[in-house]
Every structure is written in C-alpha cells, then in structure tokens.
Amino acid sequence: MSPGTGSSWQVLMSGAWSWPWVSSRIRQAPALTELTLCGEEDRQAERSRVCWQVLQASRRKGSGEGSAISLLTFWTPPTTAQPTIETVPLLAAEGSDVLLLAHNVTKNPLGYAWYRGERVDNTQLIGSCRVATNLTTKGPAHSGSETLYPNGTLLIQSVTQEDTGSYTLLVTKDDLQTERQTGHLHVHPVLPTPVITSNNSNPWEHKDTVVLTCGPETQNTSYTWWISNQSLPKSTRLELSEDKRTLKVVTVTRKEKGPYVCETRNPVSISHSDPFTLDVLWRENARALRVGAITGIVIGVLLVLTLLAVLGCFIFLHRGNWPPASTSGRGPSGSSVSQASLPDARPPAPIYQELLHPDTDVYCNISHKADVGP
C-alpha cells in the first residue's frame with residue numbers, strides 16, 4: 001500500500017488514545033476500521049487543523065476487546081504564512097535611518113497602511129499606499145520623516161527617542177480581506193562623554209572617604225570603572241552603588257589616588273571619561289606644604305622691604321634737585337606787594353605821536369615800555 005502525495009506514515013502500537021487536543025470518535029469495523037481524527041492546535045495565535053485517517057486496521061484473533069493499529073497516516077493542510085515585521089537595524093541609534101520591512105505579505109495586494117501603536121486607528125495613521133497606482137497618502141500621524149514603499153516597507157529617517165514604540169501594518173488583499181502585523185522599534189541614545197565628579201578632591205590618607213560619581217545619568221546604560229588602566233580590584237574599601245554609577249573609596253590611601261576612568265555603554269554606543277586623579281594628602285606631604293608656605297611668606301616680606309629701601313634711597317638722592325616751595329605774597333601771583341618797594345614811577349609816555357609834518361605820511365609810534373595806568 002502506497003501513501004498519497006503529501007502524506008506521512010507512522011507506525012503506532014495499540015494503546016489508549018490520550019492526546020489532549022484530539023476530539024473525535026473512533027469508529028471500528030470488524031474487518032476494516034477507518035478512522036478520522038480531527039483536532040485543533042494553537043501555535044502563537046495561529047490555529048491549524050490536523051486530520052488523521054487510518055488506512056487499514058485489523059483485529060487480532062483472540063485479542064478480546066483490544067485492537068491493534070498497524071498503520072497510520074496523517075496529513076496537515078497547508079497554512080498561509082502571516083506577515084512579519086523586521087526592524088533594520090535591530091538596534092537603532094538616535095539620528096540613524098530605520099527600515100520596517102514587511103515579510104510574508106500577500107501577493108498582489110490592493111494596498112498597505114501603517115499606523116502608530118498596536119491598533120488600527122485612523123487618528124494614528126502614518127500613511128497608506130495603493131499598489132496599483134503607487135499613490136501614497138499621508139495620515140495625521142505622519143511627522144515628515146516617514147516614507148512608504150510599494151512593497152509595504154516603512155522608512156523612518158533620523159529617528160529620535162520619541163519614535164520608540166509599536167507600528168502596525170495593515171494589508172488589504174484583492175478580495176478586500178485584511179491582515180495585519182505589529183512591529184516594535186526601540187531607539188537608543190548616543191551616549192555623551194561622561195564626567196567624573198568627587199565630593200573631595202584633596203582627601204587625607206587613612207582618614208577621608210571619597211565618593212566618585214559618573215555622570216550624566218542615562219537610561220538603559222551600564223557603568224564600568226577603571227583605576228590605573230585596570231579593572232577595579234577586589235577590596236572592602238571600594239564600594240559600588242547598585243547601578244554602578246557611584247564609586248565609594250573608604251579611608252582612601254595613596255594607592256587609590258588613580259587615575260580613575262568611567263566607561264558608559266548602551267546597545268549602540270560606548271564612551272569613556274577623561275582620567276581623574278585624587279590629590280591624596282599625608283603627613284610628609286603636609287609638612288612639605290607648610291614649609292613651602294612659610295618660605296613663600298618670608299620671600300614676600302623680603303621683597304616688600306627691598307622695595308621700600310629702594311624707594312627711600314631714591315627720595316633722599318633727589319631731594320636737593322626739587323624747586324623751592326612758593327611763598328605767599330611773592331612771585332608773579334602775589335597780590336600784596338606795596339607800591340613803596342617798587343622803583344620810582346616814570347611819567348607816562350605818549351602812546352601816539354601827532355603828525356610832525358603835514359606833507360608826510362601818517363605814522364604812529366608805539367612805545368612797548370610805556371606803563372599803563374590803572
């Protein structure tokens with residue numbers, strides 16, 4: 001006996017029929033038993049009907065109530081593949097272009113439509129495309145960065161974190177039936193350069209506790225610390241916060257002065273901070289600082305004294321070259337000089353002389369030494 005096309009053969013031994021998803025009745029005949037088992041199976045919301053048919057069965061003599069099935073075939077009707085949405089790239093970085101590719105779409109559909117969210121809502125329509133005319137219509141949810149293609153693909157350019165969410169594709173077939181599928185897009189930010197801050201940049205050795213923080217804080221970001229270009233050693237004095245963004249150094253020593261580097265990482269980018277070094281103070285260092293401070297003060301005092309001495313010498317050497325101070329009532333500006341101390345006053349000379357000869361030209365003689373009366 002040969003099986004039909006597309007069927008499979010399976011030999012089963014007699015026993016109890018205990019498949020939980022089978023709902024049928026076994027009809028047995030003395031000579032030939034023909035059995036049809038029909039069941040339904042749920043696989044990811046896709047229901048497929050499975051039918052089995054027993055081609056031949058025989059009853060053993062003296063077997064009593066038991067029956068043996070020597071040959072069993074089963075046939076699964078072909079099912080139509082449902083559309084799927086693929087995000088390319090799978091990990092989208094902010095500012096990049098993303099494609100939502102439609103797979104297993106019905107051949108020769110009437111049109112496509114893309115919606116924001118998981119529901120078919122006209123207020124969330126991004127756009128629709130009629131395949132026959134390649135006519136695209138923008139919807140209320142179109143932001144200006146989306147493009148629809150005749151094969152059902154949606155392009156989103158320069159994505160931002162606001163584009164994160166679900167997108168639903170609605171396909172209208174030539175028989176006016178529709179099928180839809182939802183895809184998801186998650187946009188990750190490109191991380192900025194982190195910065196390390198400290199609550200105490202000049203701690204005392206074996207005394208102070210330092211708290212280093214890596215910022216800024218961003219979502220879906222992992223933090224890693226490095227000290228002297230190595231990962232953090234296991235130490236009871238090095239404590240990380242739960243999100244590993246904060247590092248506490250308990251009773252810091254010179255060995256933990258650094259430099260420290262903070263690394264931030266998310267699915268699309270990695271960034272490192274600039275090295276950060278602690279200026280750990282200890283006794284010898286403090287004594288050296290005190291000596292340096294005293295030396296600086298002494299040098300400053302000596303410089304001031306030297307400047308004062310040079311200024312005093314300058315004043316002493318140039319004292320005799322200065323002009324005498326003016327006395328009140330003397331000099332050109334004095335107004336209290338008596339007339340008796342002045343030389344005898346001469347009679348005033350005429351300023352203009354008369355014409356001496358009538359037949360000569362007119363001239364005047366100005367005396368520059370003439371006194372002008374009050």
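**A surface patch, a helix and salt bridges**

Ile294, Ile297, Val298, Val301, Leu302, Val304, Leu305 and Leu308 make up a nonpolar surface patch with about 760 Å² of accessible area together. Patch residues have over 30% relative accessible area and no salt bridge, and nonpolar side chains (Val, Leu, Ile, Met, Phe, Trp, Tyr) are joined within 5 Å, like charges within 9 Å. Areas come from the Shrake-Rupley method with a 1.4 Å probe; for residues, only the protein chains shown count as cover. The model is predicted: local features need pLDDT of at least 70, side-chain atom pairs count only at pLDDT 80 or more, and totals for chains, interfaces and linings use all residues. Residues are numbered from 1 along each chain as its sequence is written, and side-chain values use heavy atoms, leaving out hydrogens and water.

The protein has 1 helix and 23 strands, taken as DSSP runs numbered from the N terminus (helices H or I, at least four residues; strands E, at least two).

There are 7 salt bridges in the structure, each a side-chain nitrogen of Lys or Arg within 4 Å of a carboxyl oxygen of Asp or Glu. One of them pairs Arg116 with Asp163, with the closest N and O atoms 3.4 Å apart. Arg116 is in strand 8 (residues 111-116), and Asp163, 47 residues apart from it, is in the loop between strand 12 (154-156) and strand 13 (165-172).

Glu263 counts as buried because its relative accessibility is 8%, while Arg265, at 37%, counts as partly exposed.

Notes: Buried means under 20% relative accessible area, exposed over 50%, partly exposed in between (1.4 Å probe, protein chains only).
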